[in-house]
Amino acid sequence: MDFNIKLMAWSFVNFLALLYILNKLLYKPMLQMLDDRKRTIAESFQQAESARQEADRIKGQYQGQLAEAKKEAQEIIERATKMGEEMREDIVKNAKVEADRAIKQAHTEITREKNQAVAALRQEVATLAVLAAGKVVGKSISVQDHEKMVKEFVDEVGDLPC
Amino acid sequence: MFGSAEAAQAHGGGLISDWGGMYLTTAWGVMALLVLIAVLATRNMQKVPSGLQNVVEFLIEGMYNFLEGMLGPERVKKYFPLLMTFFLFILASNYIGLLPWVGHEGPEAGGIGKYIPPTANLSVTAALAIIVFMSNHIFGLLTHGLGYFKHFFSPMWWMLPLNLIEEVVRPVSLAMRLYGNIFGHELVVGSLLAMVPYFVPVPIQLLGVLTGAIQAFVFTLLATTYIAGATEKHH
């Protein structure tokens, strides 16, 4: 085994030169790039995470708004129902009042009509009675007498309940 | 080398073989190849890699992460270029021997090839081992100052001779291991080629693919262990 100092020295220098060149050409740029890539990936993950959080937040917000809207809609429906109910009651009440009034009016009308009819009937009955009496008596009665008698009769009968 | 002087003489050479110039030529070829790959891989680098950039990235990132596991995130930044260069240079040197136009060591084939894997020469591996040795102690000194020498006296002062022997044995074993494996492989392939030029050397060549990667990795791993030990903050 011959050991060659010259070759060894050359190899020594060679290696250091290669170390220098590769460090400059390969390791530094590539490790730098790998580092950059690592950072980019980390950033992307971070961005994705923050985007997810933002999405969650917005989703929560929308859900809140939706729930609120639902509640509001429910309230509106309830209010409308209540209003409808009130209106119905009002209308029914009004109708009852109107009906009562109509009935009362009808009653009074009837009473008045009845009274009128009774009065007319009395007059007629009296006249007929006087006529009949006249026939029975055999002489006619003058108009004055007749009216006087009717009046007396009516006054007399008027107090009677009919 | 074994037989190479005789082989060179037999081929009427001696001009390049006498001091191992062919190893140097091949080493330059390996370096040129590595630099070419480096340039091609880093030219127009993309955040989403493809092709050559992907392959080189895989190597660099894989080795970086592996060394980070041994050295920690701080030291790996400092020592990565040196260790990665060991790995790349040794790997490329070992694999260059698998190429068909690169000659092999051996009784018959010795003088044929002008190009021989640089790592099949002890002078080359010794240079690499010396760089490991030097960088290991320089990094230790830079980290611990003069206190670095304390570890030669640990655990007991009378362990100094043993510690010194260990420090010498480390680079010697590094150089011998790498040289022995690659040279042995080349020698076997060369002998087989001389006997049976076809098919028979193929399994050995395949083994060379494995050996080349393993030896490059082992060298880098041991260098990392030495540097990690020397620069560890243990007190």
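**Close-up views of a predicted two-chain model**

**View 1. Helices H5(B) and H6(B) pack at an angle of about 175°, with their axes 10 Å apart.** Here helices (H or I, at least four residues) and strands (E, at least two) are DSSP runs numbered from the N terminus, while axes are lines fitted to C-alpha atoms, for helices over the stretch in contact, with angles running from 0 to 180 degrees between N-to-C directions. The angle makes H5(B) roughly antiparallel to H6(B), since angles under 35 degrees count as roughly parallel, over 145 as roughly antiparallel, 65 to 115 as roughly perpendicular and the rest as oblique. The residues that meet include B:Leu174, B:Leu178, B:Ile182 and B:His185 from H5(B), and B:Ile204, B:Gly208, B:Phe219 and B:Tyr226 from H6(B); two residues are in contact if their C-beta atoms, placed from the backbone, lie within 7 Å. By class, this contact has 12 nonpolar, six polar and one charged residues, where Ala, Val, Leu, Ile, Met, Phe, Trp, Tyr, Cys and Pro count as nonpolar, Asp, Glu, Lys and Arg as charged, and the others, Gly among them, as polar. The model is predicted, so local features need pLDDT of at least 70 and side-chain atom pairs count only at pLDDT 80 or more, whereas totals for chains, interfaces and linings use all residues. Residues are numbered from 1 along each chain as its sequence is written, and chains are lettered from A and ligands numbered from 1 in the order in which they are written.

**View 2. Helix H1(A) crosses helix H4(B) at an angle of about 50°, with the axes 8 Å apart.** That angle makes H1(A) oblique to H4(B). The crossing is right-handed (left-handed if the near helix is turned anticlockwise from the far one by less than a right angle, right-handed if clockwise). H1(A) contributes A:Leu7, A:Met8, A:Ser11, A:Phe12 and A:Phe15, and among the residues of H4(B) that they contact are B:Val124, B:Leu128 and B:Ile131. This contact has 10 nonpolar, two polar and no charged residues. Between the two chains as a whole, the contact takes 27 residues from chain A and 38 residues from chain B, and the side of chain A has 19 nonpolar, five polar and three charged residues.

**View 3. In the largest nonpolar core, with 62 residues, B:Leu34, B:Leu83, B:Phe86 and B:Phe89 touch the most other members.** Such a core is a set of buried Ala, Val, Leu, Ile, Met, Phe, Trp, Tyr and Cys residues joined through C-beta atoms within 7 Å. Elements giving two or more residues to this core include helix H1 (5-137) of chain A and helix H3 (51-96) of chain B, and H3(B) gives the most, with 18 residues. Leaving aside neighbours within four places in sequence, B:Leu34 is in contact with A:Leu18 and A:Leu22 as well as B:Leu88, B:Phe89 and B:Ala92.

**View 4. B:Gly72 is found in helix H3 of chain B.** B:Gly72 is partly exposed, because 14 other C-beta atoms lie within 10 Å; a residue is buried if 20 or more other C-beta atoms, placed from the backbone, lie within 10 Å of its own, exposed if 12 or fewer, and partly exposed in between. The C-alpha atoms of B:Gly72 and B:Ala228 are separated by 9.3 Å, although these residues are 156 residues apart along the chain. Chain B has six helices and zero strands, and 40% of its 235 residues count as buried.
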